[in-house]
Amino acid sequence: MTRQDNDATIKRLLGPSEPELLCDECFAELDRYVDLELDGEEADLRVPGMRAHLDACPACHEEYESLRQLAAEG
Ligand SMILES: [Zn+2]
């Protein structure tokens with residue numbers, strides 16, 4: 001188990017310190033979030049809860065990484 005997994009587990013046990021998106025909401029906003037980030041916008045302010053969810057949810061984090069990868073290649 002990596003350190004990141006441990007952090008995510010502890011975070012889940014303690015509960016989110018800020019509002020966290022659900023996976024459905026995360027997927028719906030992920031494109032926009034990545035675009036904002038790449039444009040140098042305040043993505044975390046524009047899409048509150050996204051960062052917390054990505055930190056806690058490996059599936060969505062993987063999707064996020066592949067979107068970043070696609071954007072970098074495009
Ligand atoms: Zn998720």
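## A residue in helix H2

Leu 36 is found in helix H2; helices (H or I, at least four residues) and strands (E, at least two) are DSSP runs, numbered from the N terminus. With a relative accessible area of 8%, Leu 36 is buried, where buried means under 20% relative accessible area, exposed over 50% and partly exposed in between (1.4 Å probe, protein chains only). Leaving aside neighbours within four places in sequence, Leu 36 is in contact (heavy atoms within 4.5 Å) with Glu 41, Ala 43, Arg 46 and Val 47. The C-alpha atoms of Leu 36 and Val 47 are separated by 9.3 Å, and the two residues are 11 apart along the chain.

## Basis of the description

This is a predicted model, in which local features need pLDDT of at least 70 and side-chain atom pairs count only at pLDDT 80 or more, while totals for chains, interfaces and linings use all residues. Residues are numbered from 1 along each chain as its sequence is written, and side-chain values use heavy atoms, with hydrogens and water left out.

## The chain as a whole

The chain has 5 helices and 0 strands, and from the N terminus on its elements run α-α-α-α-α. Of its 74 residues, 27% count as buried. Among contacts between residues at least 6 apart in sequence, 65% join residues at least 24 apart.

The accessible surface comes to about 5,300 Å², of which 51% belongs to carbon and sulfur atoms. Accessible areas come from the Shrake-Rupley method with a 1.4 Å probe; for residues, only the protein chains shown count as cover.

Cys 23 counts as partly exposed, at 33% relative accessibility, whereas Cys 57 counts as buried at 11%. His 53 lies in helix H4 and counts as buried at 4% relative accessibility. Beyond its neighbours within four places in sequence, His 53 is in contact with Glu 20, Leu 21, Leu 22, Cys 23, Cys 26 and Cys 60.

## The nonpolar core and Cys 26

In soluble globular proteins, nonpolar side chains tend to be buried together. A nonpolar core is a set of buried Ala, Val, Leu, Ile, Met, Phe, Trp, Tyr and Cys residues joined through side-chain atoms within 4.5 Å. The largest one here has 14 residues, and those with the most contacts inside it are Cys 26, Leu 30, Tyr 33, Val 47, Met 50, Leu 54 and Tyr 64. Helices H2, H4 and H5 each give two or more residues to this core, with H2 giving the most, 5 residues.

Cys 26 counts as buried, at 0% relative accessibility. Not counting residues up to four places away in sequence, Cys 26 touches Leu 21, Met 50, His 53, Leu 54 and Cys 60. A search of the whole structure finds 0 disulfides, a disulfide being a pair of cysteine sulfur atoms within 2.5 Å. Cys 26 is accordingly in no disulfide; the nearest cysteine sulfur, that of Cys 60, is 3.6 Å away.
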